[in-house]
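Biologist: Hi! Could we chat through the aromatic side chains in this one?

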Amino acid sequence: MSNLIKPLKIATRNPHFEIVNEPVFNEFWLWFMYYTPIGVVLRYVIFRNRFFSNIYGILNRSNKSTRKIRSFVKNYNIEISELDRPIESFCSFDEFFTRKLRVGARPIDMKLGVLISPADARVIKYEMKEDCVLPVKGRSFTLEALLGKAEMAQAYVGGTVIVLRLAPFDYHRFCYIDDATVGNTWTSGRLCEAVHPYALWANAKSFTVNVRDCSLLHTTTFGDVLHVDVGALGVGAITQLNQSGTRVVRGQEKGFFSLGGSTIILVFKPGTVVMDSDIEANSNNGIETLVRYGESIGFRKN
């Protein structure tokens, strides 16, 4: 099975920079759905429709699904010492998937001007030409298609787009990147394609067709930032914890994804933010960088 798809290269950070192979969750099914004729047909007819992800979510909220937890932890080296309660206390696989961590497990970088990662993820910066976002690999998309709002997209033309991909074995809660007031919020999309790079390389339009929650954040440090939470194949729901008008602080939990891989997209206006040097260099080479909830990924451009 390891030969179905070539290894995905990602970069680690401190204390040692290195390029490593990322394990692929459900590799066979990913290959089948995106690289075989029968799988592509079944994906269009069944798998990418939201009802499939909803059913998948229901199955993984049953008591019987707890049998999956320990093998999942073992196969993906999940650090159970970070949990805020014993592993035996979880009543379903979905409950474990949306687990909370103990206080202090994810320290927040509070230095002035720092941009933090909203999640445990693999981050990459995408280039933008006019309103078209141009990945080094994969399919381009427009801000208008991502947001579903042409007038709002126009204000961010030529800005910075940061994509953070959460693998199924990651911590799936996410936070606010800065002190802010939550502005307009809206939901777009109706499908649930995979957000893994192998799916994007196969011309999946995941970012512009998937169910996604969009928020305009009026931040203290970076001005108006668009925060887009993108669901994915097998994601039963995206839960948001705050409504428009709420005042929030850097590192405060924003919400969580239920099951499956997911993606967060941050969009900044031109001249607002600069990425940390390692992330910038890796992004230019089409390589994602492993980051953690609350750590620095960039800084405000002076």
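Biologist: Which residues form one aromatic cluster?

Modeller: Phe25, Phe72, Tyr76, Phe90, Phe93, Phe96 and Phe169 do. Keep in mind that this is a predicted model, where local features need pLDDT of at least 70, side-chain atom pairs count only at pLDDT 80 or more, and totals for chains, interfaces and linings use all residues. Residues are numbered from 1 along each chain as its sequence is written, and side-chain values use heavy atoms, with hydrogens and water left out.

Biologist: Thanks! What sits over the ring of Phe90?

Modeller: The charged end of Arg85, 4.1 Å from the ring centre. "Over" here means that NZ of Lys or CZ of Arg is within 6 Å of the ring centre and within 35 degrees of the ring normal.

Biologist: And which residue lies over the face of Trp186?

Modeller: That's Lys149, at 5.0 Å from the ring centre.

Biologist: New topic: how many aromatic pairs does a search of the whole structure find?

Modeller: It finds 17. One of them is Phe28 with Trp29, edge-to-face at 5.3 Å centre to centre and 80° between the planes. Rings of Phe, Tyr and Trp (its six-membered ring) pair if their centres lie within 6.5 Å; planes under 30 degrees apart are stacked, over 60 edge-to-face, and the rest tilted.

Biologist: Why is the pair of Trp29 and Phe32 edge-to-face?

Modeller: Because their planes are at 90°, with the ring centres 5.7 Å apart.

Biologist: Is Phe32 buried or exposed?

Modeller: Buried, at 17% relative accessibility, whereas Trp29 is partly exposed at 45%. Buried means under 20% relative accessible area, exposed over 50%, and partly exposed in between (1.4 Å probe, protein chains only).
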